[in-house]
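Subject: Structure handover

Hello,

I am passing on the structure we spoke about.

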Amino acid sequence: MLERTFERALFACRWLLAPFYAALAIGLFVLLVKLLQELGHFILHALDSNESQTILGVLTLVDLSFTASLLIIVMFSGYENFVSKFDHSDHKDWPEWMGTIDFTGLKLKLMSSIVAISAIQLLKAFMDVKANTDRELGWLVGLHMVFVVSGLLMALTDRVAAGHHDK
């Protein structure tokens, strides 16, 4: 009796994650505001920008899009994996990937997105290399490599673990 009550209470605690996913939705709205701000700046300066500034503006928009997509993946996959399943029977445009990403897939998508975002930040820094010191560029490259190696090790660990479970 006590064990069953404890297990039910523990299981109900998963709903404590719901406000975290709601906060991520608010973060998505904040990113949208930032996107509109950057887009306005990009459009207003389109005619007097050189090629590098134009590419930097586009990379900023891509960076914000990647970050927003990452939030969507984390919100939906996290909610489905840890809180509750969505009832998507009445949604005709329900993306196929939603509801099929397990925790391992979520980790790998998250790490891939972080590597992509890091690569964009690195590319932006090198596009405006004069604005950055060698030390700053070194740190950006070093951090990017940490993300790349971490992603590879995470994927390798998951592959080894999956191979171990198949036997």
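Which residues do ring pairs link into a cluster? They are Trp15, Tyr21 and Tyr79.

Before the details, a word on confidence. This is a predicted model, with a mean pLDDT of 85 for the chain; 93% of the residues reach 70 or more. Helix H2 (residues 18-44) has the highest confidence, at a mean of 95, and helix H4 (residues 103-127) the lowest, at 82.

Now the rings. The structure holds 2 aromatic pairs. One is formed by Trp15 and Tyr79: their planes stand at 75 degrees, over the cut-off of 60, so the pair counts as edge-to-face, with the ring centres 6.2 Å apart. Trp15 sits in the loop between helix H1 (2-12) and H2, while Tyr79 belongs to helix H3 (residues 51-82), so this pair links distant parts of the chain, 64 residues apart.

Tyr79 also pairs with Tyr21, again edge-to-face, at 6.4 Å centre to centre and 80 degrees between the planes. Because Tyr21 lies in helix H2 and Tyr79 in helix H3, this pair ties together parts that are 58 residues apart in sequence.

Trp15 has 39% relative accessibility, so it counts as partly exposed.

One further contact involves a ring: the charged end of Arg14 sits over the ring of Phe11, 3.9 Å from the ring centre.

Regards

Key
Residues numbered from 1 in each chain as written. Predicted model: local features only at pLDDT ≥ 70, side-chain atom pairs only at ≥ 80, totals over all residues. Heavy atoms only, no water. pLDDT = per-residue confidence, 0-100. Helix = DSSP H or I, 4+ residues; strand = E, 2+ residues; numbered from the N terminus. Phe/Tyr/Trp six-rings, centres within 6.5 Å; stacked < 30°, edge-to-face > 60°. Buried < 20%, exposed > 50% of the residue type's maximum accessible area, 1.4 Å probe, protein only. Lys NZ or Arg CZ within 6 Å of the ring centre and 35° of its normal.
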